[in-house]
Amino acid sequence: MTGRSGRGVFGKLFSKKQSTRDDRVTEIGMPTNVVQHIHVSVNSETGMIEGLPSSWLRQLNAQISPAEQNENPNAAIQAVAFHNFHVLKKEQAEKEPCKPIVTEEAITKEGLEMKKFLAKKNAHQSQDSDISIGQSSEEDVAPTDMSQRQTMPAVPIKNSLKKKDALMDLTAVVEDLSLIGTEPEESPILRKKELMNATLTDEEIYEELKRICNKDDPYVRFERIKQLGAGASGVVFIAIDSKDNSRVAIKDIDLTKQSKKDLILNEVNVLKGFNHKNLVNFLDAFLCYDHLWVAMELLDGGSLTDVVTEVVMREGQIAAVCRETLEAIAFLHSKGTIHRDIKSDNVLLGMDGTVKVTDFGFCANIVGDEKRQTMVGTPYWMAPEVVTRKQYGKKVDVWSLGIMAIEMIEGEPPYMKEAPLRALYLIAAVGRPKIPRWDKLSAEFQDFLDKCLQVDADERATAEELLAHPFLDCAAELKSLTPLIRAAHKILHKNFSD
Ligand SMILES: Nc1ncnc2c1ncn2[C@@H]1O[C@H](COP(=O)(O)OP(=O)(O)OP(=O)(O)O)[C@@H](O)[C@H]1O
């Protein structure tokens with residue numbers, strides 16, 4: 001799930017029309033086989049990073065103070081790189097709902113653009129390039145008020161890297177940006193299925209969808225009752241299945257508007273392959289001309305986001321939601337799958353207190369402890385190793401669960417009120433977020449959070465280990481969630497009945 005009204009801030013920085021990727025490639029006209037050596041340094045007098053593309057520096061300086069840049073340059077660079085390559089792309093996708101959010105293939109293409117861009121930047125060091133990845137115009141950038149930033153209270157910085165090490169690292173970091181994905185031999189290691197999907201033509205994807213879909217005409221079989229919402233990939237509505245009069249949720253995806261049909265195929269394949277009490281189970285898929293209808297279990301309690309934003313949860317209720325979510329995560333991990341987008345928006349509730357995880361568009365298949373290196377997910381819930389583009393594995397879901405637990409305490413994840421680039425910097429620089437009202441939490445809950453939010457993924461617990469954590473012993477009955485859901489729906493004027 002991506003839409004959370006009032007919680008997303010990414011749109012504010014970028015209002016101007018972007019040039020298309022094709023435009024940019026044409027404009028750039030890059031030399032090939034160029035090895036770029038970008039010299040990035042911290043100015044010892046101003047404390048500010050120099051040497052990055054100017055549009056990046058403007059963003060950086062608008063949101064991260066000189067003291068912070070000086071303190072943790074590596075985190076600042078990682079954050080701005082991440083911002084340009086991921087957040088902006090996602091924002092664009094949300095503004096144009098027909099385009100799905102960033103995929104590994106898109107990142108690969110962007111990596112190639114970035115490599116070319118940096119090569120050009122190197123060739124014209126002194127010039128302020130008019131070509132940028134993301135955006136370039138001054139007006140696009142939030143006003144820079146350095147005086148305000150300089151007096152900003154210092155954030156607690158965890159010195160994960162000594163400054164000298166960080167500076168030595170900078171060239172590597174910037175050069176590494178070109179590895180966000182470039183030629184096939186430099187791309188992240190993909191599982192066979194992903195490779196296969198990535199190389200399928202539209203015709204092949206339609207053929208594959210036809211093969212796996214139910215042949216019934218969905219317009220005849222289902223009576224459409226009401227719309228639940230719209231996401232990047234389609235509209236979700238409640239329908240009655242004439243076969244047994246049951247109520248189901250159907251996602252209607254207009255395939256003509258999907259440039260990344262392989263992602264849809266991936267989601268259907270993941271949904272079809274799994275059945276678990278804590279996953280929103282797939283019922284059937286139907287292909288009708290260019291529309292794919294995916295029928296799923298209907299969760300009539302809406303998303304956990306509605307609850308966390310509107311009502312206060314008790315520890316027992318939080319433990320119950322954590323346990324159910326962990327069951328889903330442990331199941332996915334046992335199947336070699338990382339969800340990569342665990343957050344309250346992707347946890348749906350039944351009115352009886354059932355808790356189920358949904359949204360598998362981002363799932364990646366891995367083998368054993370194989371690690372991945374692509375940036376997917378939603379920034380606020382993202383593990384530090386994803387933001388800093390280290391290799392990552394299943395434990396990213398455990399970090400996100402820890403952030404979701406903070407949502408259940410606080411109503412929102414850490415840094416939600418911060419500008420996006422700054423939030424990314426804080427994830428990379430601070431590491432484990434400060435949890436307000438920490439002292440009010442039970443010792444078991446504190447320990448549970450500690451185990452989820454270890455910056456070092458090796459120190460972080462696995463989903464399986466957390467299922468045995470004593471905090472979960474205090475889990476309340478699931479039906480205790482029902483009054484919370486009712487209260488939230490009342491405030492939000494939500495009604496899942498006809
Ligand atoms: N099985 C379901 N039962 C009840 N509500 C659902 C179900 N699936 C989705 N919804 C609701 O429908 C709305 C749209 O869901 P959708 O998954 O399309 O959103 P999205 O995540 O923003 O989109 P996308 O995954 O395409 O980026 C959300 O409010 C979600 O809570």
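This is a predicted model: local features need pLDDT of at least 70, side-chain atom pairs count only at pLDDT 80 or more; totals for chains, interfaces and linings use all residues.
Visitor: How many helices and strands does the protein have?

Guide: There are 19 helices and 11 strands. Of the 498 residues in the protein, 57% are buried.

Visitor: Which residues of helix α19 are buried?

Guide: Start with the general idea. An α-helix has 3.6 residues a turn, so residues three or four places apart point the same way. In α19, which covers residues 482-492, the buried residues are Thr482, Leu484, Ile485, Ala488 and His489. Viewed down the helix axis, the buried residues of α19 lie within an arc of 160 degrees, so they line one face of the helix. Arg486 and Lys490, on the other side of α19, are exposed.

Visitor: Which residues touch the most other members of the largest nonpolar core?

Guide: Again, the general idea comes before the case. In soluble globular proteins, nonpolar side chains tend to be buried together. Here the largest nonpolar core has 109 residues, and Leu292, Leu304, Met313 and Phe448 touch the most other members. Apart from that core lies another, of eight residues, including Phe222 and Trp293.

Visitor: What is Leu292 in contact with, leaving aside neighbours within four places in sequence?

Guide: Its contacts include Leu209, Cys213, Ile253, Val268 and Phe286, as well as Lys251 and Asp252.

Terms used. Residues are numbered from 1 along each chain as its sequence is written. Side-chain values use heavy atoms; hydrogens and water are left out. Buried means under 20% relative accessible area, exposed over 50%, partly exposed in between (1.4 Å probe, protein chains only). Helices (H or I, at least four residues) and strands (E, at least two) are DSSP runs, numbered from the N terminus. The arc is that of the directions from the helix axis to the C-beta atoms. A nonpolar core is a set of buried Ala, Val, Leu, Ile, Met, Phe, Trp, Tyr and Cys residues joined through side-chain atoms within 4.5 Å. Contact means heavy atoms within 4.5 Å.
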